[in-house]
Amino acid sequence: MNPTETTAWKSLSEHRREMESVHMRDLFARDPERFKRFSISFADTLFDYSKNRITEETLRLLFDLADEMDLPGWIERMFAGGKINVTEHRAVLHTALRNLPENPVYVDGENVMPRIEAVLAKMRDFTRSLHRGDLRGFSGQAVTDVVNIGIGGSDLGPHMVTEALKPYHRRGIRIHFVSNVDATHLMEILRRIRPETTLFIVASKTFTTQETLTNARSARRWLVEFSGSEDAVTRHFAAVSANPEAVWKFGIDPHNRFDIWDWVGGRYSLWSAIGLPIACAVGMEAFEELLAGAHEVDEHFRGTPFDRNIPVIMAMLGIWYRNFFGAPTHAILPYTEYLHLFPAYLQQLDMESNGKSIDRDGNRITGYQTGPVIWGKPGTNGQHAFYQLIHQGTQPVPADFILTLDPQNPDGDHHRILTAHFLAQTEALLKGRNVPEALHRAFDGNRPTNSILIDRLTPRSLGRLIALYEHKIFVQGIVWNINSFDQWGVELGKQLAGTILEELRSDTPLSGHDGSTTGLIDHIRRKK
């Protein structure tokens, strides 16, 4: 169904005109209970959405739109293992990865929970050996450094979580991440580690990803040259892949290969064995706490009415601003340095999921916009960079502000100052300031924000936070009638890169390119 043809969409369009002249200052003035009415506590998380240009009528119409687009039905189909990734004919079951083992989940008639539990048990044994010092390299020394080689979902998710949970890292193990095919990324890490005490994890579902395999082969060559033997590969490499033959050909011991399945999308895969570097960093118990937090949100999302359902409210507010206020971007502003990679992680999660222009029925989308540009930076650094645009720019920028209340590193007045800035920015965006005699100093205010307050950043609370955004993105994809679980838009660039790579290696005449690309290839060939 085209969402613009629903009764709710048409009503929302009319309601948007009614809200045009409404200022949030007045909404708060009229309703002393607005904060209480428009905030939700869940576990150790408070979600405050009262600083939005909404009324109860707005929410009712937004929930009507979700109902008309059959959101309840799609939620059940996802959790039940239905093949809702329609272009690839796959189930979408990252939720099964954090499910309780006694609750069966079926794909093509098979309960996948025993397979998930088997991989978790293998991860448990592997990381236990690492932390005990039993994993030893070719020289007999214990492993001290783990290098994850992946890209996209095989890098961003584990990297973000590993950074976020630094206070929980096990002593004696250092974690590194390599993703960029620019050799600088790999070489700068190789200069800081020792071959005899390093374990490489190659994370690639297909084990054919060009960037990942290029980096992995270079790391392999570095190890073999230093050790003097191909046999060292079996002691120093592990893999997360669904391609056992390719892993074996690379020289990796089958005991060090961890399964992943086609119903686990790359950007939703940190909960799977792709999360092995997380477990190496913080231990398997903390990794399972991460899973448990996400499972709590799964249960909340699946079983809570829309008017108290945090991911649904987050999603529908996003649709309100994207489709009815024309907001082209959405800012993620964590006020904790441990979440410094969270905006980048959400960029991939959201933009690769909902950056689509073809609907689920194969039609080109017209008449409405889909996914926004996601961006952000930790506060207070962002305040000295781009908040000027958020406050006084010509386009609305809805923003999520995220704060942890119990800091991992208390030191004097640091956290009070951080908290004061957090609160001041959302209040300033709400209220604005009237300066008739100097318009350049005036702020309109009425700029929407959500505030997410977490008692303490723990593995469990981080799992909750990530899952809230996963389900938000899913809801928006359903309302926009798009498939949030494929990414065909990246395929053409990959194909062209293969052709151009061969042309860069040779001096054969060029054909089939546009004039600019031909000229650039010629210039690069001459310089090389």
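Residues are numbered from 1 along each chain as its sequence is written, and side-chain values use heavy atoms, with hydrogens and water left out. In this predicted model, local features need pLDDT of at least 70 and side-chain atom pairs count only at pLDDT 80 or more, while totals for chains, interfaces and linings use all residues.

**View 1. Salt bridge between E57 and R60 in helix α4**. The structure holds 34 salt bridges, a salt bridge being a side-chain nitrogen of Lys or Arg within 4 Å of a carboxyl oxygen of Asp or Glu. In the pair E57 and R60, the closest N and O atoms are 2.8 Å apart. The two residues are three apart in helix α4 (residues 56–68), so about one helical turn separates them. Helices (H or I, at least four residues) and strands (E, at least two) are DSSP runs, numbered from the N terminus. E57 is partly exposed, at 34% relative accessible area, and R60 is partly exposed at 41%. Buried means under 20% relative accessible area, exposed over 50%, and partly exposed in between (1.4 Å probe, protein chains only).

**View 2. Salt bridge between R77 and D70**. The closest N and O atoms of this pair lie 2.9 Å apart. R77 has a relative accessible area of 34% and is partly exposed; D70, at 33%, is also partly exposed.

**View 3. Salt bridge between R132 and D134**. Here the closest N and O atoms are 2.8 Å apart. R132 is exposed, with a relative accessible area of 53%, whereas D134 is partly exposed at 45%.

**View 4. Network of salt bridges**. The residues linked in this network are D44, E289, E296, R460 and R464.

**View 5. Open sheet of five strands**. The strand order is β6-β5-β7-β8-β9, with parallel pairing; two strands pair if DSSP finds at least two bridges between them. At the edges are β6 (174–178) and β9 (257–258), each of which pairs on one side only. Strand β5 (residues 145–149) runs parallel to β6 and is joined to β6 by five bridges. D145 has R174 in β6 as its bridge partner.

**View 6. Helix α10 across the strands**. Helix α10 (residues 210–227) lies across β5, β6, β7 (198–203) and β8 (237–240). The helix runs at about 160 degrees to β7, where axes are lines fitted to C-alpha atoms, for helices over the stretch in contact (heavy atoms within 4.5 Å), and angles run from 0 to 180 degrees between N-to-C directions.
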